[in-house]
Amino acid sequence: MLYTSTPSHCNFTDYWDRFYLATPHLKPSMFATHTAQHWLTQPTDLLEIGCGNGRDAVWFASQGHSVLGVDLSQNAIEACRKHQSKAEFQTADFSNLSLGRQFSAVYSRFNLHSIDDETEAQALSSVYEHLKLGGKFMVEARTIHDTMMGQGERISEREWIHESHYRRFLDPDQFLDNARAAGFIPEYTLVSAGLAPWGDADPVVMRVVMRRD
Ligand SMILES: C[S@@+](CC[C@H](N)C(=O)[O-])C[C@H]1O[C@@H](n2cnc3c(N)ncnc32)[C@H](O)[C@@H]1O
């Protein structure tokens with residue numbers, strides 16, 4: 001059973017199960033195309049954590065990468081498996097992975113702001129264990145510079161529930177410290193709007209690429 005010791009505001013598996021029942025397949029994110037262009041220049045064995053409905057995993061596979069996508073939501077994984085794709089999918093908790101193999105790259109988009117501090121620490125350790133030496137971990141997440149921070153019910157300074165949805169806005173400097181403490185070497189950081197516009201919203205997000213040493 002997952003999340004047995006997790007506070008109720010972080011128990012969002014039901015939220016994502018409902019979301020993926022209602023959400024059709026989407027085109028790849030801007031972060032996926034950036035990642036492929038700049039960081040996956042050779043065919044790569046890639047793990048996507050929190051793959052959602054598979055929009056990016058399916059696209060990475062179409063670009064010649066060998067892809068495993070994992071997500072905690074069973075509805076998400078069932079939707080992913082319906083795509084015509086070479087990508088493989090598995091239901092798994094990315095903060096406690098035991099996949100029995102290591103990957104050359106791990107990709108995470110819009111997941112790390114959906115978990116609490118303790119789960120982030122577990123996720124960094126879990127990803128580290130599943131990366132080959134020299135492998136890259138690519139992350140995009142919401143930040144404290146997002147105007148959405150402060151909307152809804154306050155859990156803590158950086159944690160808010162808006163329309164039934166928990167978010168923990170990341171402080172980029174703090175996150176980089178956490179990543180270094182977990183053994184990663186940050187190689188690229190960008191904090192900006194214009195990277196993940198969605199409808200009327202254009203949040204200031206953080207992109208980090210780091211290496212396992
Ligand atoms: C905002 S969605 C992002 C989905 C996808 N990466 C995208 O960019 O469209 C966050 C995803 O993280 C998944 N997730 C959150 N915590 C997780 C965990 N501990 N293990 C696996 N998946 C998790 C949720 O089920 C959800 O699919």
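Strands S1 (residues 45–49) and S2 (residues 66–71) run parallel and share five bridges. Strands here are DSSP runs of E with at least two residues, helices are runs of H or I with at least four, and both are numbered from the N terminus. Two strands pair if DSSP finds at least two bridges between them.

A quick word on what you're looking at: this is a predicted model, where local features need pLDDT of at least 70, side-chain atom pairs count only at pLDDT 80 or more, and totals for chains, interfaces and linings use all residues. Residue numbers start from 1 along each chain as its sequence is written.

## The whole sheet

Seven strands form an open sheet with mixed pairing, in the order S3-S2-S1-S4-S5-S10-S9. At the edges sit S3 (88–91) and S9 (184–192), each pairing on one side only.

S5 (residues 131–142) is mostly covered, with nine of its twelve residues buried. Buried means 20 or more other C-beta atoms within 10 Å of the residue's own, exposed means 12 or fewer, and partly exposed is in between, with C-beta atoms placed from the backbone.

On one side, S5 runs parallel to S4 (residues 103–109), joined by six bridges; Ala 105 stands opposite Lys 136 there. S5 also runs antiparallel to S10 (residues 205–212), with seven bridges, and Met 138 has Val 209 as its bridge partner in S10.

## A helix across the strands

## Around the ligand

The ligand has 19 residues around it, and the closest are Trp 16, Gly 50, Gly 52, Leu 72 and Arg 109. A residue counts as near if its C-beta atom, placed from the backbone, lies within 6 Å of the molecule or strand.

Phe 110 isn't a glycine, yet its phi is positive, at about 60 degrees. You'll find Phe 110 in the loop between S4 and H5. Phe 110 counts as partly exposed because 19 other C-beta atoms lie within 10 Å.

Glu 163 isn't a glycine either, and has a positive phi of about 50 degrees. Glu 163 lies in the loop between S7 (159–162) and S8 (165–168). With 8 C-beta neighbours inside 10 Å, Glu 163 counts as exposed.
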